[in-house]
Amino acid sequence: MTSETEAIAAVLARVQLLPGARVPLIESLGRFSAHDLWAQRALPPFDNSAMDGYAVQAKSCRGGARLRVIGEQPAGVDRGLTMGAAEAIRIFTGARLPAGADAVIMQEEVMREGDVIVARCDVESGEFIRRQGCDLAAGQKILAGGDQIVAQNIGLLAAQGMAEIDVGALPRVAIVSTGDELARAGAIPLPGQVFESNSVMLHALALGASAKVVMVEQAPDALEQLTETLRHGLECDALIVSGGVSVGEHDLVRPSLGALGAEIALWRVAIKPGKPFLFGRAHGCSIFGLPGNPVSAFVTFLKFVRPALRKMAGASGENLGLRAVPAQIASDLSNAGDRSHYFRGILREGQFIPSGLQESHALFGLSRANALLRLAPGDQLLRGAPVMIETWD
Ligand code: AMP
Ligand code: MG
């Protein structure tokens with residue numbers, strides 16, 4: 001049985017970054033930047049007013065001073081105005097600061113009498129002015145290659161005047177669920193059947209991992225039909241198979257992949273849940289065989305498939321895995337087994353609370369969970385112990 005660390009390394013060593021694309025900014029959401037990017041333009045691009053009010057010279061704007069209003073500077077144009085001492089220019093938020101001004105007095109702090117304002121307070125030089133470049137200097141790095149793009153990044157890129165960005169690919173993914181016991185959504189389950197739920201859960205996980213799902217199929221535990229279905233799946237960048245990777249007579253994924261000429265790089269990993277996990281390659285496609293039990297499928301997706309898809313999509317090293325977060329455990333936990341045990345739980349106010357039944361079929365507990373906690377074999381932790389947990393999306 002392969003250790004978990006060796007398994008992750010073996011998977012990542014075999015998947016490659018896919019060729020990327022230039023896309024409109026909105027389509028870059030959740031994808032990974034293909035390069036480092038530097039600011040072409042300072043922000044703010046020019047000195048401007050932070051308030052609706054009057055541009056003034058601070059030294060002549062003391063409480064009670066009367067200043068003559070000599071013009072108006074709205075946002076969005078540059079009227080090229082110049083002012084001197086004891087003068088003021090009506091100005092609006094975001095408008096370029098007129099030459100000669102070194103402060104803005106808020107309109108709430110003046111009384112207007114015709115073309116004169118009377119200041120109600122003293123003004124400091126620089127007050128209510130946003131200086132050119134105070135937020136961001138031209139030439140400053142704004143995004144690193146491999147960073148995942150979020151809404152805030154898109155806002156900044158747009159403020160740089162960019163309409164498009166180079167990003168990594170969306171890996172094309174096929175999902176195949178296997179098992180004679182699976183009833184399709186909408187069908188009436190026969191006695192002994194359960195509803196097929198892994199494919200849609202894996203589809204959701206794949207979308208969250210920056211992938212594009214192009215095929216979702218269900219195959220019976222029959223060698224010929226399964227092989228045909230998997231053959232189609234191999235046309236994608238990644239094929240995710242659920243079920244049929246254990247050691248029973250009805251577990252036909254390995255023989256099917258054998259018939260298709262796949263190289264099986266690893267099978268069976270020392271983690272719980274998820275021991276039967278399989279990884280292989282065929283015709284440029286990365287193949288992930290996940291156990292059928294829903295919790296096992298979920299955990300092995302997060303631990304092995306997600307980083308692989310993210311690598312294909314252009315994520316940098318530190319963005320490949322789950323996010324580690326410090327927490328304290330809310331109850332005693334131990335691992336008497338010989339494999340790493342991933343507990344599913346709820347991270348709330350710094351506490352990790354195991355959620356529901358910790359068994360590989362127990363979907364309800366999983367449905368509450370937003371974090372994983374790994375206990376190594378032999379670990380015995382008492383309530384309150386500090387731990388690092390892992391979170392996703
Ligand atoms: P397997 O890994 O094929 O031995 O499947 C183990 C168990 O997982 C099955 O007996 C089912 O109860 C469950 N299972 C397998 N595939 C699915 C699926 N696609 N959706 C929901 N449950 C599944
Ligand atoms: Mg099965």
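This is a predicted model: local features need pLDDT of at least 70, side-chain atom pairs count only at pLDDT 80 or more; totals for chains, interfaces and linings use all residues.
Local features need pLDDT of at least 70 and side-chain atom pairs pLDDT 80 or more, while totals for chains, interfaces and linings use all residues. Residues are numbered from 1 along each chain as its sequence is written, and side-chain values use heavy atoms, leaving out hydrogens and water.

**Exercise 1.** Describe how helices H3 and H6 pack.

Step 1: Two packed helices are described by the angle between their axes and the distance between the axes.
Step 2: H3 spans residues 198-208 and H6 residues 294-312; their axes lie 10 Å apart at an angle of about 30°. Axes are lines fitted to C-alpha atoms over the stretch in contact, with angles from 0 to 180 degrees between N-to-C directions. Helices are DSSP runs (H or I) of at least four residues, numbered from the N terminus.
Step 3: H3 and H6 are therefore roughly parallel (angles under 35 degrees).

**Exercise 2.** Find which residues join H3 to H6, and classify them.

Step 1: With contact meaning heavy atoms within 4.5 Å, H3 contributes Asn 198, Met 201, Leu 202, Leu 205 and Ala 206. On the H6 side are Pro 294, Ala 297, Phe 298, Phe 301, Leu 302 and Leu 309.
Step 2: The contact holds ten nonpolar residues, one polar and no charged (Ala, Val, Leu, Ile, Met, Phe, Trp, Tyr, Cys and Pro are nonpolar; Asp, Glu, Lys and Arg charged; the others, Gly among them, polar).

**Exercise 3.** Is Glu 4 buried or exposed?

Step 1: Glu 4 sits in helix H1, residues 4-14.
Step 2: Its relative accessibility is 9%, so Glu 4 counts as buried (under 20% relative accessible area; exposed is over 50%, partly exposed in between, with a 1.4 Å probe and protein chains only).

Key. Chains are lettered from A and ligands numbered from 1 in the order in which they are written. Helices (H or I, at least four residues) and strands (E, at least two) are DSSP runs, numbered from the N terminus. Angles under 35 degrees count as roughly parallel, over 145 as roughly antiparallel, 65 to 115 as roughly perpendicular and the rest as oblique.
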